[in-house]
Amino acid sequence: MRWIPLDRLKGNAPGLYAIYVDGQLKYIGMAKAIKSRLRAHNIRQHSGMVTVRGFCGSQVAVKVKYLDCRESRVVLESKLIRRLRPALNVAGNPGYKVIKCRQK
């Protein structure tokens, strides 16, 4: 699979994206409009450090794979999360617990 770095993004197209902090994969996501979705992640830079959803580092990199088909995006995202287990994805975070409740 070929990923495209953030600086070579084209338009606001649909696809998958992977966020790396200091070279370590932290999050995999999909979106109908990747550029808009990345803005929602609130990647901030201050005094030489970069913060992404609670993770601090000196460098943040984003890779993108464009996919028009929604089903392809869902399947690939799921496979990547299960295989790579990024820290910020619920499926990849062993400390995250899901509690199921039933209403009577």
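Start by selecting Y17, I19, I34, L38, V62, V64 and Y66: these have the most contacts inside the largest nonpolar core, which has 14 residues. A nonpolar core here is a set of buried Ala, Val, Leu, Ile, Met, Phe, Trp, Tyr and Cys residues joined through side-chain atoms within 4.5 Å. Buried means under 20% relative accessible area, with exposed over 50% and partly exposed in between (1.4 Å probe, protein chains only).

Now colour β2 (15-21), β3 (24-31), α1 (34-40), β5 (49-52) and β7 (60-66), the elements that each give two or more residues to this core. Helices (H or I, at least four residues) and strands (E, at least two) are DSSP runs, numbered from the N terminus. For a second, separate core of eight residues, pick L16, L25, I28 and I81, which are among its members.

A word on the source: this is a predicted model, where local features need pLDDT of at least 70, side-chain atom pairs count only at pLDDT 80 or more, and totals for chains, interfaces and linings use all residues. Residues are numbered from 1 along each chain as its sequence is written, and side-chain values use heavy atoms, leaving out hydrogens and water.

Next, zoom in on I34 in helix α1. I34 is buried, at 1% relative accessible area. Show its contacts (heavy atoms within 4.5 Å): beyond residues up to four places away in sequence, I34 touches N12, A13, P14, G15, L16, Y17, V64 and Y66.

Last stop: Y17 in strand β2 and Y27 in strand β3, 10 residues apart. Both are buried.
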